[in-house]
Amino acid sequence: MGTTLGLDVGVLRRAIQQEYEDVAVCPAKGFHFHTGRLLAERLGYPAEEIDAVPAGSLESFAGVGNPFIFGHLRPGETVLDVGSGAGFDSLIAARQVGPAGRVIGVDMTDAMLEKARDGARATGLDNVEFRKGLVEELPLDDASVDVVISNGVINLCPDKEAVLREIARVLRPGGRLQIADIVVQKAVPQAAKEQIDLWTG
Ligand SMILES: C[S@@+](CC[C@H](N)C(=O)[O-])C[C@H]1O[C@@H](n2cnc3c(N)ncnc32)[C@H](O)[C@@H]1O
């Protein structure tokens, strides 16, 4: 599979999976980005929300912002976490929407999904589930969620239009999008787009 970016999307995805498998399995290894509790504190998550997340999901948190600063989720809402990683935001969302609500996390990296599912079991929350899939081909029905959250994922996807199309497809009319991600203000040079380590780092 190729793209006009001049790199093979399959090769890029495998490199990204390898990087985030490391974040799941060896969170203390040290990365070119911040992770874990210190990151969550720095991003302004309240201590009581951080404390309620099991250690495994917290140590592999690798977001770039805080999607909840745009507003708390409402009881009873159905929420999709696009690129849910080890489940940190999904588990916070599951508490916010309560037992009448539902959270679905989607991620492509098995080790992250395993940690997220372990985290959900450890909290005893039964209104959250994690599905394996690509965010460019979301494993959800049309118009099936009230809110989409995402944290640090779309910057890793070369076809951002495909991701946004999928998000628009699964959101109900009037649904909300609460995303934290990296935004560039200048066009990224072609040579940089073709360097996989710049995507994963
Ligand atoms: C920077 S981490 C962020 C994880 C989580 N949102 C958090 O805040 O901790 C990026 C996550 O996106 C997932 N990911 C990247 N590209 C993806 C894609 N095309 N489809 C599904 N998941 C993807 C990776 O597996 C990884 O778990």
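Predicted model: local features only at pLDDT ≥ 70, side-chain atom pairs only at ≥ 80, totals over all residues.
Residues are numbered from 1 along each chain as its sequence is written. Helices (H or I, at least four residues) and strands (E, at least two) are DSSP runs, numbered from the N terminus.

**Around the ligand**
- There are 23 residues around the ligand, with G63, G83, G85, M108 and T109 coming nearest; a residue is near if its C-beta atom, placed from the backbone, lies within 6 Å.
- By class, the shell has 12 nonpolar, 8 polar and 3 charged residues (Ala, Val, Leu, Ile, Met, Phe, Trp, Tyr, Cys and Pro count as nonpolar, Asp, Glu, Lys and Arg as charged, and the others, Gly among them, as polar).

**α1 against α6**
- On the α1 side Y20, E21, A24 and V25 meet A111, M112 and K115 of α6, contact being C-beta atoms, placed from the backbone, within 7 Å.
- That contact has 5 nonpolar, no polar and 2 charged residues.

**α5**
- Of the 10 residues in α5, 8 are buried, meaning 20 or more other C-beta atoms lie within 10 Å of a residue's own, with C-beta atoms placed from the backbone.
- Among the buried ones are F88, D89, L91 and V97.

Note on methods
Contact = placed C-beta atoms within 7 Å. Buried ≥ 20, exposed ≤ 12 C-beta atoms within 10 Å, placed from the backbone.
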